Amino acid sequence: MVGVEWVLLEREAEAAVVTRAVKDAAQGAGGMLLVAGPAGIGKTRLLGEVRAAASIVGKGTEWASARASELERGFAFGVVRQLFEPLCAAADTKRQAALWQGPAAQAREAVLAPVSAASPAGEFAVLHGLFWLTVHACRDRPLVLLVDDLQWCDAPSLRYLVYLLPRITDLGVLVAATLRTGEPATDTDLVRQLATDPATTMLQPQSLSVQATERLLQQAFAARGVDSAFAAACHKASGGNPLLLRELARTLTAQGIPASAGNAAQVAELGPRAVTALVAARMAHLPPATVALARAVAVLGDRTDLLLAAAHASQDPDTALQGADALEQLEIFHLDHDDSAPGNPARLSFVHPMVSAAVYDSLGRAEQVTAHHRAARLLAEAGADPEQSAAHLLQSTPSGQGWAVDALRDAAARAEARGAPQAALRYLRHCLNELPAQAEQEQRLSVLTELQAVAPLVNMAAARDYLQQAIRLTTDPHRKAELLWEYGAALYYAGRSDEAERVYKEAIALLPSNETDIRRRIQAGIVTISTGVDTGFEHLHDEVALWWRLEPENTIGSRMLDCAIGAADAYAGRPEAISRLRRGLLGGYHSWATAFSIGSAYFALAAADMEELIDILDSGLAVVHRRGDLEEAATLYSFRGLARWGRGQLTEAEADASEGLRCLEILHQDLSKPLTASWLAEILMDQGRLDDAAVALNRSGVPNSVTQHPSGPVQYALIARARLQHLYGDHGQALESALNCGEYAKEIRIYNPAILPWRTHAATCLHALNRNKEAHRLALTELDLARRWGAPRALGRALRVTGLIHGGPQSLALLKEAVHVLEGSPARLEHAKALADLGAALRRSNQRQAARPYLRQAAHLAALCGAAPLAEHARTELAAAGGRQRTTAMTGPDALTPSERRVAELAAGGATNQQIAQVLFVTPKTVEVHLSAAYRKLGVHGRAHLPTVLATAGRSLGNTGNGRLK
C-alpha cells in the first residue's frame with residue numbers, strides 16, 4: 001500500500017469547473033473556487049487538480065499555497081504569510097521592488113517579520129496593502145492562491161480574502177480553497193461571506209459510488225482481486241468517503257484480510273474508525289521515542305522544524321530524524337527539506353489533519369496542556385516569533401510566569417503592528433489571566449491600558465469591561481477622565497445612553513477648570529447621546545445652553561463640540577447648524593474623525609448639500625487607506641455614498657455604500673448597518689433594481705416589523721422599506737412603515753426633512769390610496785420644514801411631492817419652483833425628477849410643446865445619473881408629448897460620469913493607469929474601463945488628446961452648482 005498513487009474517480013464535473021476557472025484567471029477574469037465537504041471527501045486532491053490545471057492551461061501561472069491549522073487559527077495573518085512569504089522570497093530584486101511598491105508597502109509587516117511596532121498600520125490600511133500586493137503579483141502573470149482547510153484560517157487572513165473578493169474579477173487571480181463542513185470555523189460570518197460572494201463558485205464533491213469503490217479497492221488489492229459483496233461492504237462502512245476508504249483498505253491489507261465476500265462482516269467493524277484505528281495500530285509497534293516525536297509534532301503543528309520537535313520530545317536530532325523517517329514510511333508523516341536554510345533542516349508535517357488529530361487525541365487533556373506550555377517555553381527561548389509562543393500559551397492554563405506575560409504582550413504588539421487587532425485582543429486577554437496573583441497594580445493597569453486601546457477595534461462589549469477595570473485602578477484625575485470618556489462611548493454604542501451620560505458627568509466632575517479640551521470632548525459626547533434619545537436635552541437644558549455659547553478654541557475638544565452641537569441643530573432643522581459644522585471640520589479630515597459625534601456631522605453636511613463634504617471624505621479616505629482601520633473606512637465610505645447619492649452619482653454611490661457595508665460586516669458592527677444598508681437600498685431603487693434593494697435591506701439586520709422600541713438608526717431602514725413597498729405596489733404596508741418611521745423620528749427629535757423625509761413618503765402612499773386630504777397636510781408640513789432648512793435637495797423634493805399631490809394650476813407652480821430651486825444645485829437626480837414631473841404635468845394639461853424641453857433634459861440627466869427607470873419614464877412622456885430624445889446628448893465632456901471625468905483628468909495630467917488606480921482606490925481594470933468610456937464620449941483615440949479636450953470643456957457635471965441654504 002505504501003506509495004500507491006490513488007486515481008481520481010467520479011470528479012469529471014469538478015475537474016471541468018477547475019479547468020474553466022484556471023482559464024478565466026489566465027485571461028484576467030479572476031474568482032474564487034470553494035471546495036466544501038466533510039473530511040476525507042477529496043477536497044485537498046481537487047486543490048491538487050487546480051495546481052495541475054494551472055501548469056497545463058494557464059502556462060506561466062504563479063501559484064502559492066497555504067494550509068490552515070487549528071493551532072494557528074489565532075496567528076495574525078498566518079495564512080497570508082504562508083501564501084506570500086515564499087512568493088516574495090523567490091522573487092529577484094527587481095520583482096521584489098515591484099511587488100512592494102506603492103500602497104503594498106503598508107502590508108509588509110503583515111507578511112514579513114515586523115520592522116517596528118512604533119507606528120502600526122490600521123487594519124484597513126493593511127488589507128488595502130495586501131490587495132495591492134496581490135495586484136502587483138499578477139501584473140505580468142496569472143496567480144493562483146491555494147488555501148487548504150479554510151475553516152481554520154485565521155480571522156485577519158479571512159478578512160483579506162473578503163476584501164479581495166469583490167475586486168477579484170478584474171484581476172488574473174484565482175483563489176482556490178477547501179472548507180471542511182461540520183467543523184466550527186474561526187469566523188463563521190466571514191466564511192459565509194466568502195461562500196456567498198458572486199465571485200465564488202462552490203464545488204461540493206459527493207461520496208463515491210459502489211462502482212468507484214470497487215475500482216479503488218482493485219487498485220489496492222491488485223493481484224488478489226476484490227469480490228463485489230466485499231466492495232459493497234467497504235462502501236457502506238466508509239460512506240463512499242475516499243480517505244476513509246483508503247485507510248480502510250490499508251488496514252485490511254496490513255492485516256492480510258482478503259477482499260472476499262466472507263470477510264465483509266469484518267469490514268463493518270473498521271469503517272468509521274479506519275483512520276484512528278490505523279494510526280493507533282501503527283503507533284503501538286513503534287519505539288517510545290518515535291511515538292513521542294509524533295506527539296510533539298501533533299502539539300507543535302505542521303511544518304515543525306525537526307530540531308524543535310526533537311527538543312520537545314527530549315531526544316537528540318539523530319534519534320528524531322530516524323523516527324521521522326519511520327513515520328514517513330508508515331505514511332503518517334511527510335518530510336520537507338529546506339535546501340536554502342543552513343544545515344538543510346527537515347520540516348515535519350502529518351499527511352492529513354485527520355491523522356494529526358488522531359495522534360493529538362491520544363494525549364489526555366492534562367498532557368495536552370503541559371505539552372503546549374512546554375512548546376511555548378521552547379519557542380520563546382529559541383527567539384521565535386512571539387505569536388508562535390503565544391499560540392501555545394492560549395492552549396495552556398495560566399502559569400503566572402513572567403516570561404509568559406512578556407511573550408503574550410510582545411505577540412500582541414506584533415499582531416497590532418501587522419494590522420490584526422483581533423489577535424492582539426486575544427493575546428492580551430490571556431495575558432491578563434497570566435499575570436501573577438501578586439502582580440503590582442501598575443503592571444496590571446499597563447496591560448489593561450493596552451487592552452482598552454485595542455478592544456474597541458474588535459469588540460466594544462469587551463472594551464467596556466476592560467475600561468471598567470482600568471478606571472478602578474487609575475488614580476490620576478486626567479487619566480481617569482480620559483478613560484471615562486472612552487467608557488461612555490462604549491456604553492453609547494451598546495445602546496446604554498443613560499449610563500453613558502452618568503459616566504460623562506462623573507468625568508466632568510473630576511476635571512479642574514483648566515482642563516478645557518477633555519471637558520469639551522466629554523460635553524460633545526453628552527450632546528451626541530442626547531441628540532439620539534427620546535429624552536433629548538430637557539433634563540440638561542440650563543447646562544447645555546451654556547455650551548452653545550462657549551467661545552471656539554483651536555482644539556480637538558472644541559471642534560468635536562462644534563460638530564456635536566451643529567449636528568443637533570441640524571437634526572432639529574436649524575440652518576445656523578452649518579456654520580458651526582464648518583468650523584468644527586475646518587481643515588478637512590482629522591484623525592479624531594471617527595469619534596461617534598462625527599457621523600452626525602457628516603450627515604448634516606450631506607443634508608445641506610454642502611460641496612466640501614466630498615473633499616473632506618476624500619481626504620479622510622486617503623488617510624485611512626494609508627494607516628486607518630476598518631471602523632474609519634466604514635464611516636467614510638458610507639457617508640461618501642450618501643453624499644454621492646445626493647448628487648445623483650448612483651454608480652459611485654453604490655460602490656461606496658457597498659464598501660462601507662462590507663467593512664461593517666467584516667467588523668460585525670451591527671449598530672451602523674441599518675444606516676448604510678438603507679442608503680444602499682435607496683441607491684439601488686433609483687437604479688430600478690428593486691430585488692437587489694430588498695437584499696440590501698435584509699443586510700440591515702432590521703426586521704420587517706419592529707415590534708418594540710428599536711435601538712440604533714433603524715428609522716432609515718423603515719423609510720427605505722416604505723419606499724420599496726410603495727414601488728412594489730403595496731401602498732398600505734408602505735404607509736404603515738413610513739408612519740412608524742415618523743413616530744420614531746418624533747421620539748428622537750429628528751424634525752429636519754433633509755435628514756429623514758418620512759412625511760413625503762407617507763404623503764405619496766396616502767395619495768396612492770386616494771386619501772388626498774391627509775396626504776396634502778403631511779406634504780405641506782414637510783414643505784414648511786424644508787423651507788426653513790433651505791437646502792435645495794430637501795426643498796425641491798418637498799415642492800415636487802406637494803405639487804404632485806396638490807393638483808390644479810398650483811401644482812404647476814410648485815413643480816416649476818422645484819425645478820428652479822434645484823437648477824444649478826448638486827442634486828442632479830432630484831432635479832431630473834422635478835423636470836420629469838413638471839414635463840409630465842404640462843403634457844397632461846395639454847401644454848405639449850412646453851413639456852418637451854423639461855422631459856428631454858430630465859431624460860438626459862437621469863441617464864447621466866444612472867437612474868434607468870426615471871430616464872425611461874421621461875422618454876415615454878416625451879414621446880407622448882410629440883418629442884424625441886436627441887441621440888447626441890451622451891457625447892462630449894458633459895456626458896462623462898464623475899468617475900470617468902476624474903480618471904480622464906488624472907490621465908491628462910500624465911498619471912499611469914496604475915497610479916490612477918492607487919489614487920482612486922480602484923483596480924487597474926476599472927481605470928481601463930473608465931478611460932475607454934471617456935475616449936468614446938470625447939471622440940478621442942488616446943490620452944494624448946485629453947488635455948486639450950478637457951481644457952475646453954464648459955463645466956463638469958460632477959461639480960455643478962453650489963450647495964447652499966436659502
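**A buried glutamate and beyond**

Guide: Happy to. In this predicted model, glutamate 652 is buried but takes part in no salt bridge. The nearest side chain of opposite charge belongs to arginine 644, and it lies 6.0 Å away. What glutamate 652 does have is a polar contact, side chain to side chain, with serine 899 at 2.7 Å. Setting aside neighbours within four places in sequence, the residues in contact with glutamate 652 are Arg644, Thr897, Pro898 and Ser899. As for its place in the fold, glutamate 652 sits in helix H33, which covers residues 650-667.

Leucine 127 has a relative accessible area of 0%, so it counts as buried. Beyond four places in sequence, its contacts are Phe77, Pro156, Arg159, Tyr160, Tyr163 and Leu630.

Finally, here is a sheet to look at. Three strands make an open, antiparallel sheet in the order E6-E8-E7. Strands E6 (304-305) and E7 (333-337) are at the edges with a single partner strand each, so one side of each has no neighbour in the sheet. E6 pairs with E8 (residues 346-350) over two bridges, and aspartate 305 stands opposite arginine 347 in E8. Helix H16 (residues 317-329) packs on this sheet, touching E7 and E8, and its direction makes about 125° with that of E7.

Definitions and conventions. Residues are numbered from 1 along each chain as its sequence is written. This is a predicted model: local features need pLDDT of at least 70, side-chain atom pairs count only at pLDDT 80 or more; totals for chains, interfaces and linings use all residues. Side-chain values use heavy atoms; hydrogens and water are left out. Helices (H or I, at least four residues) and strands (E, at least two) are DSSP runs, numbered from the N terminus. Buried means under 20% relative accessible area, exposed over 50%, partly exposed in between (1.4 Å probe, protein chains only). Lys and Arg count as positive and Asp and Glu as negative; His and the chain ends are not counted. A salt bridge is a side-chain nitrogen of Lys or Arg within 4 Å of a carboxyl oxygen of Asp or Glu. A polar contact is a pair of N or O atoms within 3.5 Å; within protein, one must be able to donate a hydrogen and the other to accept it, and residues adjacent in sequence count only if both atoms are side-chain atoms. Contact means heavy atoms within 4.5 Å. Two strands pair if DSSP finds at least two bridges between them. Axes are lines fitted to C-alpha atoms, for helices over the stretch in contact, and angles run from 0 to 180 degrees between N-to-C directions.
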